[in-house]
Amino acid sequence: MQRSTGLSIPYPASPAAPAVRVPLLFVLLAACSAAGAATTPVVGRPCEDCEVALIGLPAAPAASARLAPVDEPGQRLRLHGRVTDAHGRPRPGVVVYAHQTNQQGLYPGEKTDRTPGVRQHGRLRGWAATDADGRYAFLTVRPGSYPGTRLPRHIHLYVIERGCALYYIDDVLFRDDPHLTPAVARKASPGRGGPGIVTPVRVGDGWEAQRDIVLGRNIPGYPQCAP
């Protein structure tokens, strides 16, 4: 199986998981997510798991969200950016969804968790809605590479323009990652939503990185919805 994102990275191999009985509540949540997908169409396909971004979506996400819990092992990272339209105007109220591996390169809870969204994307997932200046932020840790691979470390990002469009954009890639060779960078960064390669900067005992987003940029079938 492959994630239909900028990197087209296959899921890491994992042992077969035991059957999980899904409570009716989670079935209903999945049904609600399907209804949300019907009103916010997925564009820029193929994207086999874009609808997962709607599972558990809060009614009013904060502009700054915690993607990894405070006690998650790893190097602290604040990923932030500004969301604008094609003319450079800030866009408030746009939801940015992110999910990532832990520092071991695993999606914790994937395939075994009882919650549908976690079972598909892991528990390091969350949403931030842009503020009046179009800004968003995630508090997290730097992800690891998939075990046994030389694939670059990355954070998956999706954009949810409610009632307009849902699509994935270029993964966040780190310029200081030794696996991000020039050849890999050229292939992995087609510019969906603007450049995804960021330059981490040391701030105190952690890191900061800026990933700005241009709505609809290089997204096939983007509908140019009114703000």
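Colleague: Which residues is Gln100 in contact with, leaving aside its neighbours within four places in sequence?

Modeller: In this predicted model, Gln100 is in contact with Leu67, Tyr107, Leu124, Thr140, Val141, Arg142, Pro143, His154 and Ile155. Gln100 sits in strand E3.

Colleague: Is Gln100 buried or exposed?

Modeller: Gln100 counts as buried, because its relative accessibility is 0%.

Colleague: And what does the side chain of Gln100 reach?

Modeller: The side chain of Gln100 comes to 3.0 Å from the backbone oxygen of Val141.

Colleague: You listed His154 among the contacts of Gln100. Where is the place of His154?

Modeller: His154 belongs to strand E6, which covers residues 154-161. With a relative accessibility of 2%, His154 is buried.

Colleague: What does the side chain of His154 make a polar contact with?

Modeller: The side chain of His156 is one partner, at 3.3 Å.

Colleague: How many residues apart in sequence are His154 and Ile197?

Modeller: They are 43 residues apart in sequence, and their C-alpha atoms are 9.4 Å apart in space.

Colleague: Let's move to the sheet. What is the order of the five strands in the open sheet?

Modeller: The order is E4-E3-E6-E7-E8, and the pairing is mixed. E4 (125-129) and E8 (197-198) stand at the edges; each has a single partner strand, so one side of each has no neighbour in the sheet.

Colleague: In which sense do E3 and E4 pair?

Modeller: E3, residues 95-100, pairs with E4 in the antiparallel sense, over five bridges. As one example of a bridge, Val96 has Ala128 in E4 as its partner.

Colleague: Changing topic: how many salt bridges does the structure hold?

Modeller: It holds six. One of them joins Glu72 and Arg123, with the closest N and O atoms 3.0 Å apart. That pair links distant parts of the chain: Glu72 is in the loop between E1 (64-66) and E2 (76-84), while Arg123 is in the loop between helix H2 (116-121) and E4, 51 residues apart.

Colleague: Is Glu72 buried or exposed?

Modeller: Glu72 counts as buried, because its relative accessibility is 5%. Arg123 is partly exposed, at 40%.

Colleague: Which residue does Arg78 form a salt bridge with?

Modeller: Arg78 pairs with Glu208, and their closest N and O atoms are 3.7 Å apart. Arg78 lies in E2 and Glu208 in E10 (residues 206-210), so this pair ties together parts that are 130 residues apart in sequence. Arg78 is partly exposed at 32% relative accessible area, and Glu208 is partly exposed at 26%.

Colleague: And which residue meets Arg45 in a salt bridge?

Modeller: That one is Glu51, at 3.2 Å from N to O. Glu51 is partly exposed, with a relative accessible area of 28%, and Arg45 is partly exposed as well, at 48%.

Colleague: Now the inside. Which residues touch the most other members of the largest nonpolar core?

Modeller: Tyr136, Phe138, Ile155, Leu157 and Tyr167 do, out of 28 residues in that core. E2, E3, E5 (135-141), E6, E7 (165-174) and E10 each supply at least two of its residues. E7 gives the most, with five residues.

Colleague: What is Tyr136 in contact with, leaving aside its neighbours within four places in sequence?

Modeller: The list includes Ala63, Leu79, Val83, Val96, Ala128, Leu157 and Ile213, together with Arg82 and Arg211. Apart from this core lies another one of 15 residues, among them Val42, Ala53, Leu54 and Trp127.

Conventions. Residues are numbered from 1 along each chain as its sequence is written. This is a predicted model: local features need pLDDT of at least 70, side-chain atom pairs count only at pLDDT 80 or more; totals for chains, interfaces and linings use all residues. Side-chain values use heavy atoms; hydrogens and water are left out. Two strands pair if DSSP finds at least two bridges between them. Helices (H or I, at least four residues) and strands (E, at least two) are DSSP runs, numbered from the N terminus. A salt bridge is a side-chain nitrogen of Lys or Arg within 4 Å of a carboxyl oxygen of Asp or Glu. Buried means under 20% relative accessible area, exposed over 50%, partly exposed in between (1.4 Å probe, protein chains only). A polar contact is a pair of N or O atoms within 3.5 Å; within protein, one must be able to donate a hydrogen and the other to accept it, and residues adjacent in sequence count only if both atoms are side-chain atoms. Contact means heavy atoms within 4.5 Å. A nonpolar core is a set of buried Ala, Val, Leu, Ile, Met, Phe, Trp, Tyr and Cys residues joined through side-chain atoms within 4.5 Å.
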